[in-house]
Amino acid sequence: MASFLTIRIGFFLAIRQVHRASIWTTSLIIFVMVLTFLNLVVVSGILVGLIQGAVDQARFEFTSDVIISAPDDKQYIENSPNLLALMRSFPEVQAVSGRYGSGAVLEANYKTRKETEKRNTANAQIFGIDPAQEDAVTHLSESVTEGDYLLPTDYDQVIIGQFLLSQYVPVDDPNFAALDNVGVGSKIRITVGDVTREVTVKGIIKSKVDALTRNMFMVDSQFRSMIGRNDGNVAQISVLLRPGTDPALVRDKLKQSGVDGYAKVQTYVDAQPQFLKDIINTFNMLGTVFSSMGLVVASITIFIVVFINAITRRKYIGIMKGIGIDGSAIRMSYVFQSAFYALLGSAIGLLLVYGFLVPFIDEHPIDFPFSDGILVAPVDETLFRVGLLVFSTIIAGYIPAWMIIRKNTLDSILGRN
Amino acid sequence: MIEVKKLVKTFKNGSVETRVLKGIDFAVSDGEFIAIMGRSGAGKSTFLYQMSLLDEPTSGDVLVDGHSTREMTDAEEVIFRLQKFGYVFQDYALLPDLTAIENVALPLLMQNLISIEAYKKADDALTKMGLGHRLYNLPSQLSGGEQQRVSIARAIAHNPKVLFADEPTANLDNESSALIMDIFKRLHKEGQTIIMVTHEIQYAKRADRVVKFDDGKIISIEQQTIE
């Protein structure tokens, strides 16, 4: 049992052993602990961050914090003007953007096509937006990397997602129709229902959010004139909340107001497609598996380090026992040493993660094909991992010390097996 | 008084048994200085280890002030050694990470003395050994003779009942050996009970009695007159 005396003596021995150990050995052990910590936190953090990056981008660029959409059996939200007014009256709401929407067929190269040639078409969703309101909510203008963003006065002009244009499609897939030779300034035809109109491509949207890259946007007044509807009922409303507001609170408030009777009210999390939720869960699981493996590797490393340390110091352990130092005090010294290595390694790791890696990766996200990956390292989870690391390290340090200390005192002093 | 009764120690190596001590009876009175001699393999060090409770005899008993130590648990033996015995080993057996004063203070701290008191006692013991200027040196920074004096300081700092010494001069030059033996002589004069294993007859002559071992048995006990 650890008494105050054994703790005191253990601490006395541990401090001196660490203080007078080779600086290289100590540095190496701490380096291993830092790597283990990074393995625990960063590997799973990147895995989760890869998806979180996609989630954050979808939130930042399309859904915003809360999204209200037409029920599955309707093309638009009833009483949209009233709902938009209601939304704008909420103190938590910073900006609101209503979107008209409809499926459309896009066609290019129709002027140069010979009669024997196949039509160059692609299917897409076309959204009618108020350019200023949409930009205030989803910063859409920032995604227009070629050409220009829409102006409210733009007549028959569109901005188009990159994956509707064949030069930006990464794979040549016959099931994945795209328009050939279309760039800024090109004329294309769009057909919504029975109405066909020729428009000019004003800008190209480049993003990692599918809702942007596979769709097209035009000014809402133009869209309304095209579909011949003037009731003001939109298909979607994206709502940007003031910083610090919990989207779930606003969602619940809307539901309490009865909005969910005629529209689907979702936070950005609710609106994630099921496959994305599955991927998040899978990556969380993978992260836990990698972390567990990292923890086992760390424990084995510390076990070996302490075992070698204890076996090479077996004679001195024997001497200590010989002169009357209690075995539990000696074991305690190894526990303190293990804890020291784990805590210092974790402290350096924490400094690296929160002082460098998280801000750096936030500033320079990792460019994955489908998202800008960030490093997700919530403080509570990280501290839990530090606790796990310290605990497993202490156990891994205690066991070899216990194995060596329980050996016969005289055999240890004389170096007999 | 420390007394051994029918002490037997047998070592096993596979199926081979070697009886190193063959039923020793012996007693040491308080304040006596005993020298144990004998050729290599005679059993003298093994005898010292059994008597000092560093090892467990195969049979027989060690009695300290009439109390049997036979039934003591390992933990009780550790406390007993801490409180009653002091040890000086042939190779000094100092802890390399601790300075001279820390080496001496460690068993005192284990006796639950407060740090100031433990370090004061350690300082006194080292000063008594002529090492007042070497308190904060690591063992690696000391000569063999100095290390052995630190070892003696550690062994006597807590005023043990018995000081056990296993060939304390074996690794030292003549000058250092003489210095160590002078220290033993002084301690003996102060009333310290000393039991020492040695090969060197000139140092054995300083003891009250010389016990000679051969083939696991005491073959003679010589009473000496010390000048």
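Two residues are taken to be in contact if their C-beta atoms, placed from the backbone, lie within 7 Å. This report concerns a predicted model, in which local features need pLDDT of at least 70, side-chain atom pairs count only at pLDDT 80 or more, and totals for chains, interfaces and linings use all residues. Residues are numbered from 1 along each chain as its sequence is written, and chains are lettered from A and ligands numbered from 1 in the order in which they are written.

**Helix α8 of chain A**

Helices (H or I, at least four residues) and strands (E, at least two) are DSSP runs, numbered from the N terminus. In helix α8 (residues 247-256) of chain A, the buried residues (20 or more other C-beta atoms within 10 Å of their own) are P247(A), V250(A), R251(A) and L254(A). They lie on the same side of α8(A), because they cover an arc of only 100° around the axis, taken from the directions from the helix axis to the C-beta atoms. An α-helix has 3.6 residues a turn, so residues three or four places apart point the same way. The cover over the buried residues of α8(A) includes the strands β1 (66-69), β9 (236-241) and β10 (264-267) of chain A. After α8(A) comes G258(A), with a positive phi near 90°.

Two packed helices are described by the angle between their axes and the distance between the axes. Here the axes are lines fitted to C-alpha atoms over the stretch in contact, and angles run from 0 to 180 degrees between N-to-C directions.

| Helix pair | Axis distance | Angle |
|---|---|---|
| α11(A) and α12(A) | within 8 Å | roughly 150° |
| α1(A) and α11(A) | 7 Å | about 50° |

The angle makes α11(A) roughly antiparallel (over 145 degrees) to α12(A). The residues of this contact divide into 17 nonpolar (Ala, Val, Leu, Ile, Met, Phe, Trp, Tyr, Cys and Pro), 7 polar (the others, Gly among them) and 1 charged (Asp, Glu, Lys and Arg). Residues of α1(A), including F11(A) and L13(A), meet residues of α11(A), including F336(A) and F340(A). The contact of α1(A) with α11(A) comprises 12 nonpolar, 6 polar and no charged residues.

**Contact between the chains**

Chain A contributes 18 residues to the contact and chain B 19 residues. On the side of chain A that touches chain B, the elements giving two or more residues are α1 (4-20), α10 (314-322) and α13 (409-414). Of these, α1(A) gives the most, with 6 residues.

Definitions and conventions
Buried ≥ 20, exposed ≤ 12 C-beta atoms within 10 Å, placed from the backbone. Parallel < 35°, antiparallel > 145°, perpendicular 65-115°, else oblique.
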